[in-house]
Amino acid sequence: MIYFRHDPIIYFFMIPSIIPVASTRQQTNIAYQISVLSSQEHLFEVTMQVDFSKSDDIAPASVNVALPAWIPGSYMIRDFSKNLHSLKSQQDHIVIKQLSKQEWEISTKDDQALKQFSLRYIVYANDLSVRSAFINDEYAFFNGTSVFLCVKGYESSAHTLRIRQQKDSLSPLIATSLPKADRQETPPNSDTVYKTTDYFTLIDHPVLMGQFDDYCFNVMGHQFHIVFSGQHNFDFMRMERDLSAIIEHHITLFGDFPCPEYWFITLVCDQGFGGLEHTDSTVLQYSRFDLPFVGEPDKISKEYQHFLALCSHELFHTWHVKRIKPLLMHQPNLFEEVYTPQLWIYEGFTSFYDELSLARTKIISPAQYVQVLNEAITRLMRNSGRHKQSVSESSFEAWNKFYKQDAGSINHIVSYYNKGAVIALCLDITLRQQSNNNVSLDNVMKYLWEQHGKTHIGTSDTVILDLCKSEFNIDLSSFLYLATQTPIDLPLPTLLHSIGLKLNMRSPNHFQDKGGPAENIAKYDIGAIMAMVNNQLTVMSVHEGRASCIAGLCEGDTIVAFNKWQCDDVRFCKLLNLCKIDDIVPIDILRDGRLLTLNFSVVRALPDTCDIAIENSALFLQWLGVDQL
Ligand SMILES: [Zn+2]
């Protein structure tokens, strides 16, 4: 069934009475309300009321409230409290004492028991990303981690939220997967109150308010929404067709779907990209003109393929990250880093399945999927940091390395997404080899779901090793140790050969070469990532030990001339190819306003670019699970 639906916003005229919680044991009541104070100034106004008086909890002398420092799924301290301002109580007898950048103690002037208190604060929301909060003239968006103070020690109490009518001209529409409170629990002056069983649930349902398109459709008996901020003429029918195939693939893989209703919420922007998974929804950020408009040809563009892969990736997390998760990520400490070496299992496996599912559902062809592999393996092979850091270390150090990359990262760290996906590919092939093609990674995912997702039992660091041994009697200790605990390269050529693919490595032919078939490949090594920035060829990063590094080039250098000829990115490659091996060529650069001339030694190009050939199409198609090329 296909239909459009908009939730009416709550019309709200007075501070709500505290909403009783229906349970045999009366819990402390924590109620928030939020409204846009000014879209032009990007301000939310938040009030919260905490009532211990009607609960079975003993009223404390004081409590601490705090705003999270990070949001689950994005492993970096972001200090959301930097945007929280003007924290005040509306009651004279309440004392607020700041304890740290993100935490406050709430007590009474007379040191009496704290029976009830209310707070009001402002949140500055001007970060257009999937991770925090943002308001413009079209819409307001927030994650709970950016706007809702946590009452520490009372996270397990029921939390309620009311969204007040905007005080300015924003459209009164809401898109969110937040569960609505029962009718009898809502005061008569409003239509809807949201209610969650605990704080962690409250912050895992982002909210979009204002102007947006909402397209609703049904897959295998489950309701899905595609929401785009603003107003556009996107081809929703096409997206429904393609997303339905992906959704069916994922539900069939895991066996069931855990959400009552699911929302793909996209923040449409001029230029941008991002995705973050949530319990019953995902928030995406995507460039407006990279999405399919009504009337455009049905041929899949690279940009639309990436959008579908993003949707596929985030939806996969509904099972694998939101429900199957490391032990420490169940109700994690949101006020400091939470370290786990397991992110390769989560982001790596999900990255493997996101585009594999596009091929299995025939949204992309087998040849297009080979190009996906070309690009993933090329990224890995150009990353010399893979020889220094294992994916377990990369996962553990994500907080201050993967999430804080700079020009030197390529030489020192490996991506647990990129190598994790290639490990998933190798693991899948290895399982098939060792089980006479009876066991694949699909079976592992199904067991993870049964044993850890449905049961809410956190995964251990050895979960994959243990599961393969106990369920399939396959010992992967050697493979998993080398693949995940060491920086040794994976046995890709032999594994790909067993599914009918031949791994060829060649040199790149230009700066944008991501892998795959190419003509006129480069003869000589550059060994640096360069790009045109403000019409100047600029060094973005330098690979250690390679030609640019030996010449003395640094990140940030601007190339003025190569071999005395002014050059851009295309001409640089052409001029280099005109050289002879062992030539020493002058290269003029600008570095921080100084003109320097370096000597560039011409050496043979390195084969760091992947170009896979299908050498046995029957084997490859059998592995892919499709019937023709
Ligand atoms: Zn992910």
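His 456 sits in the loop between α10 (441-453) and α11 (463-472). The model is predicted. The points below cover the zinc ion and its donors, the second largest pocket, a polar contact of Asn 418, and two histidines with positive phi, His 42 and His 456.

**Backbone: histidines with positive phi**

- Most residues other than glycine have a negative phi.
- His 456 is not a glycine, yet its phi is positive, at about 60°.
- Because its relative accessibility is 55%, over the 50% cut-off, His 456 counts as exposed.
- His 42 also has a positive phi, near 60°, and is a residue other than glycine.
- The loop between β3 (29-38) and β4 (43-51) holds His 42.
- His 42 has a relative accessible area of 18%, which is under the 20% cut-off, so His 42 is buried.

**Zinc site**

- Three residues coordinate the zinc ion: His 313 through NE2, His 317 through NE2 and Glu 347 through OE.
- The distances at this site are 2.0 to 2.1 Å.
- Along the chain, the donors of the zinc ion are spaced as H-x3-H-x29-E.
- His 313 counts as buried because its relative accessibility is 8%.
- His 317 has 0% relative accessibility and therefore counts as buried.

**Second largest pocket**

- The second largest pocket holds about 520 Å³ of space.
- Its lining has 21 residues, and the closest to the pocket centre are Asp 204, Thr 279, Lys 322, Lys 325 and Met 329.
- By residue class, the lining of the second largest pocket splits into 10 nonpolar, 6 polar and 5 charged residues.
- Helices α2 (199-202) and α5 (343-360) each contribute at least two residues to the lining of this pocket.
- The second largest pocket lies between domain 1 (3-210) and domain 3 (319-503 + 612-629), because both give residues to its lining.

**Asn 418**

- Asn 418 belongs to helix α9, which spans residues 418-434.
- A polar atom of the Asn 418 side chain lies 3.0 Å from the backbone oxygen of Ala 376.
- Asn 418 is buried, because its relative accessible area of 8% is under the 20% cut-off.

Methods: Residues are numbered from 1 along each chain as its sequence is written. This is a predicted model: local features need pLDDT of at least 70, side-chain atom pairs count only at pLDDT 80 or more; totals for chains, interfaces and linings use all residues. Side-chain values use heavy atoms; hydrogens and water are left out. Donors are N, O and S atoms within 2.8 Å of the metal (3.2 Å for Na, K and Ca); water is not among the atoms, so sites may look incomplete. Buried means under 20% relative accessible area, exposed over 50%, partly exposed in between (1.4 Å probe, protein chains only). On a 1 Å grid over the protein atoms alone, a cavity is a set of points where a 1.4 Å probe fits but cannot get out, and a pocket is an open set with protein on both sides within 12 Å along at least five of seven lines; lining residues have an atom within 4 Å of a point. Grid points are joined across faces, edges and corners, and a volume is the space filled by probe spheres set on the points. Helices (H or I, at least four residues) and strands (E, at least two) are DSSP runs, numbered from the N terminus. Ala, Val, Leu, Ile, Met, Phe, Trp, Tyr, Cys and Pro count as nonpolar, Asp, Glu, Lys and Arg as charged, and the others, Gly among them, as polar. Domain bounds come from an automatic or database domain assignment. A polar contact is a pair of N or O atoms within 3.5 Å; within protein, one must be able to donate a hydrogen and the other to accept it, and residues adjacent in sequence count only if both atoms are side-chain atoms.
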